[in-house]
Amino acid sequence: MHDMIHDMDLWLTTKTKEKKKKVVVKERARMLESRDFAEWKDAQMISLWDIDRISLFDCSVVGPKVPSFPNLETLFLRRSSMDEIPSGFLEKMPMVRVLNLSYNYRLGMYREVHQLVNLEYLNMSFTSINAWSVGGLKKLRCLILNFTHLKEIDQTLISGLSSLQLLSMHGSSHHQPELRLFDQIREDNILCGGKKALLEELESLEYINEISIILPSDISVRKLLSSYKLQSCIRKLHLQCCNNMISLELPPSCVQAMVHLETLQISGCNDLKDVKINTKDKGKQGFIPRYSMVLPKFCKLHEVHIICCSKLLNLTWLIYAPCLQSLAVSNCESMEELIGGSDRVVEENYGLFSRLTTLQLENLPKMKRICNWVSPFSSLKMIYVHSCENLRKIPFDSNTGKNSLKKIQAEQSWWDGLQWEDEAIQQRFNSFFMPSKYMDLYQVLGYGY
């Protein structure tokens with residue numbers, strides 16, 4: 001919608017005159033003043049984009065006069081250059097249920113949020129917030145804090161959000177040395193100690209059903225794997241710099257519990273050697289009967305990024321992710337193959353790579369093969385390869401990507417050195433090849449962390 005509206009007000013009206021001026025959208029203004037807001041006093045929804053400054057005080061009257069919005073239920077204030085919101089702004093919005101302050105890159109914590117006792121949705125993604133100390137939001141159901149630099153959450157604040165259903169902190173990150181320093185300084189910060197305390201707070205919430213989070217320690221990973229409730233809530237999971245985590249072994253009960261897992265990223269886990277799905281469930285957690293012959297699957301996992309895991313040898317566990325659409329592997333110096341073994345029956349039964357649309361392989365100096373069988377890659381659209389000099393064969397035949405493939409992007413020298421079973425197959429794929437120089441992996445993916 002905002003691409004269609006430039007530097008103008010858009011009023012959405014109903015058929016009756018009494019219900020006019022319910023929604024206002026304004027874009028690209030250097031400053032909004034009190035008189036602008038006075039015209040919107042009856043609005044139920046206000047959406048402001050690319051606003052440089054807000055001035056709430058009317059100089060034409062004696063004393064400051066902050067406009068009031070008694071009917072406002074939804075406020076979007078996004079992509080502004082403000083580093084703070086004027087004091088008193090939210091006090092005049094007692095009925096606001098939806099507040100979106102995302103993409104205000106300079107904006108820090110806005111403590112007056114606690115005055116919005118009816119608030120149900122709060123989004124502060126892509127802001128400069130580094131601490132969360134707002135309590136009392138008993139009706140808040142959705143809290144989104146993606147891509148911030150959040151380092152501090154006061155103890156019990158999360159458990160105090162008694163109606164919370166969704167928490168998303170995906171993309172929020174900080175340096176490990178900084179974390180360890182915080183562990184020593186603030187024991188009441190639930191982000192310390194590898195976020196184990198945060199997981200415990202979330203686990204205590206009655207209505208929580210969706211979590212997207214970064215876990216920076218093997219302690220927090222173990223906590224996740226011990227809780228069926230947390231596993232069933234996970235949507236996006238990033239394991240980051242989990243030192244001392246040598247092996248990640250998941251029982252079938254855990255895999256089946258993570259029915260909503262959509263995105264998995266593992267990065268900077270330099271001690272990690274393997275990820276295993278243990279199909280021989282010992283029945284410790286009791287969620288899968290021992291006599292069950294149904295093998296576990298990540299039913300919704302469609303995006304996997306593996307980055308800077310220097311000891312990781314392969315990603316054979318991906319046979320349990322039949323819906324995988326995007327796979328990116330970068331800077332894993334020890335990895336020799338993506339999928340180990342040669343059991344094609346597994347590949348056929350699980351439909352491995354059948355939905356894969358994008359494959360990115362970067363800086364894998366020991367990589368020799370993707371898999372040991374030719375795969376149709378029936379949905380593959382793009383493959384990007386860089387600095388994988390030992391990858392001399394790719395598992396393609398004349399049917400690979402037959403109706404889907406659009407581009408193969410790699411170094412010319414790598415392409416020229418590939419070994420093909422049949423010259424006709426090589427000729428077919430030549431038309432898709434596009435020589436390229438180095439591109440950062442996230443540039444290929446289209447976003448960054």
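**Figure 1. Overview of the chain.** The protein chain has 10 helices and 21 strands; helices (H or I, at least four residues) and strands (E, at least two) are DSSP runs, numbered from the N terminus. This is a predicted model, in which local features need pLDDT of at least 70 and side-chain atom pairs count only at pLDDT 80 or more, while totals for chains, interfaces and linings use all residues. Residues are numbered from 1 along each chain as its sequence is written, and side-chain values use heavy atoms, with hydrogens and water left out. Of the 449 residues of the protein chain, 50% count as buried. Buried means under 20% relative accessible area, exposed means over 50%, and partly exposed is in between (1.4 Å probe, protein chains only). Among contacts (heavy atoms within 4.5 Å) between residues at least 6 apart in sequence, 58% join residues at least 24 apart.

**Figure 2. Packing of helices α3 and α4.** Two packed helices are described by the angle between their axes and the distance between the axes. Helix α3 (residues 196-203) and helix α4 (residues 218-225) pack at an angle of about 20 degrees, and their axes are 8 Å apart. Axes are lines fitted to C-alpha atoms, for helices over the stretch in contact, and angles run from 0 to 180 degrees between N-to-C directions. α3 and α4 are therefore roughly parallel to each other; angles under 35 degrees count as roughly parallel, over 145 as roughly antiparallel, 65 to 115 as roughly perpendicular and the rest as oblique. On the α3 side the contact is made by K196, L199, E200 and E203, and on the α4 side by I219, S220, K223 and L224.

Figure 3. The buried residues are D218, S220, V221, K223, L224 and L225. What covers them includes α3, β11 (210-215), α5 (228-233), β12 (234-240), β13 (247-250) and α6 (252-257).

**Figure 4. Two aromatic pairs.** Rings of Phe, Tyr and Trp (its six-membered ring) pair if their centres lie within 6.5 Å; planes under 30 degrees apart count as stacked, over 60 as edge-to-face and the rest as tilted. By this rule the count comes to 13 aromatic pairs. F377 and F396 form an edge-to-face pair, 5.7 Å centre to centre, with 70 degrees between the planes. F377 is in the loop between β18 (358-362) and β19 (382-386), and F396 is in the loop between β19 and β20 (407-410), 19 residues apart. Both F377 and F396 are buried. The ring centres of W415 and F433 are 4.7 Å apart and the planes are at 10 degrees, so this pair is stacked. W415 lies in helix α8 (residues 412-416) and F433 in strand β21 (residues 433-435). Both W415 and F433 are buried.

**Figure 5. F353 and N244, two residues with positive phi.** Most residues other than glycine have a negative phi. Phi of F353 is near 70 degrees, and phi of N244 is near 75 degrees. F353 lies in the loop between α7 (344-350) and β18, and is buried, with a relative accessible area of 3%. F353 also belongs to one aromatic cluster with F377, F396, W414, W415, W420, F429, F432 and F433. N244 is found in the loop between β12 and β13, and is exposed at 61%.
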